[in-house]
Amino acid sequence: MSGSVNLINAARWLGRRGFDLSAILSLLLCLGMIVLWVRSYWVVERFELNHYEAAGNGYRSNEIHVWSSSGVLMIDGKQQSDWFPPKHQFMVDDFRRQHPRRWEYGWVRTDFTSIRLGQSGPPSVWTRLGFWLWRTASQARGRDSNSDYGAYVLALPHWCPLGMGMILPALRGRSWLKQWHLRRRARRGLCITCGYDLRATPARCPECGTAVPVGQGARVTP
Ligand SMILES: [Zn+2]
């Protein structure tokens, strides 16, 4: 029986630690996002993660770019697959030479300024706020090649992921404040439930009936 109680306690402990860790990670990511947000008014930055794969008579590329500019984060992704008949095998070989590594990633400062979405997107309240979603897909079937193409653009203002990322740290901060408040009441010899002065009745609160744990109400400074 005590084994399962220990297990439950261990799970609770892990849960609390996991929550703390997530809150801290979340907070760090938010700090990074704030830096990116502030920088976005001076420089245009682009992060990219690409994946290339050539196999048999075809290849596939998958590219994700994240732009940060003027308070807007823009993610644009592109996926393309091509297949060729044997006589066009050189196209696949070229692709292999161009992308010797499967994974590529990078960060560049750029002067690409046309992602001011209020102008490039359709005019609406959403685009003015920095939200924008656009996607396209196409297929081409021909004698000399088959091709699938898909692309999307997702834009959102920095404050959007920042707000979502602050939920956990805010919850953690609130419970930390609450604990601090309770500990302070206990230290001052006050009831932890209602704040009533317990110096005259250290065992039980006469106001709300809360029993005081041994050792807590006793620390009274005259
Ligand atoms: Zn009380």
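Two residues count as being in contact when their C-beta atoms, placed from the backbone, lie within 7 Å of each other. The structure is a predicted model, in which local features need pLDDT of at least 70 and side-chain atom pairs count only at pLDDT 80 or more, while totals for chains, interfaces and linings use all residues. Residues are numbered from 1 along each chain as its sequence is written.

Phe95 itself sits in helix 2 (residues 89-98). Helices (H or I, at least four residues) and strands (E, at least two) are DSSP runs, numbered from the N terminus. With 18 other C-beta atoms within 10 Å, Phe95 is partly exposed. The labels work like this: a residue is buried with 20 or more other C-beta atoms within 10 Å of its own, exposed with 12 or fewer, and partly exposed in between, the C-beta atoms being placed from the backbone. Phe95 also lies 9.4 Å from Arg60, C-alpha to C-alpha, with 35 residues separating the two in sequence.

Now for the overall layout. The protein chain comes to 6 helices and 6 strands, and along the sequence these follow the pattern α-β-β-β-α-β-α-α-β-β-α-α. Of the contacts between residues at least 6 apart in sequence, 56% join residues at least 24 apart. Buried residues make up 9% of the 222 residues in the protein chain.

The 6 strands line up in an open sheet with the order 4-1-2-3-6-5 and antiparallel pairing; two strands pair if DSSP finds at least two bridges between them. Strand 4 (103-110) and strand 5 (132-141) are at the edges with a single partner strand each, so one side of each has no neighbour in the sheet. On average, neighbouring strands here are turned by 10° against each other, direction ignored. The axes behind such angles are lines fitted to C-alpha atoms, for helices over the stretch in contact, and angles run from 0 to 180 degrees between N-to-C directions.

Looking at individual pairs, strand 1 (residues 44-55) is joined to strand 4 by 8 bridges and runs antiparallel to it, with Leu49 opposite Tyr105 in strand 4. Strand 3 and strand 6, also antiparallel, share 12 bridges, and Met74 stands opposite Ala155 in strand 6. Another 10 bridges link strand 5 to strand 6, again antiparallel, and here Gln139 faces Asp148 in strand 6. Strand 5 and strand 6 form a hairpin, with 4 residues between them.

The largest nonpolar core has 5 residues: Val72, Leu73, Trp132, Val153 and Ala155. Strand 3 (72-83) and strand 6 (146-157) are the elements giving two or more residues to this core. A nonpolar core here is a set of buried Ala, Val, Leu, Ile, Met, Phe, Trp, Tyr and Cys residues joined through C-beta atoms within 7 Å.

Ser70 is in the loop between strand 2 (58-69) and strand 3. Although not a glycine, Ser70 has a positive phi of about 50°. Ser70 counts as partly exposed because it has 16 C-beta neighbours inside 10 Å.

Finally, helix 6 (residues 167-187) runs for 21 residues and reaches 30 Å from its first C-alpha to its last, close to the expected 30 Å; the expected span is 1.5 Å times one less than the number of residues. Helix 6 is hardly covered, with a buried count of 0 among its 21 residues. Gly189, with a positive phi near 75°, follows helix 6.
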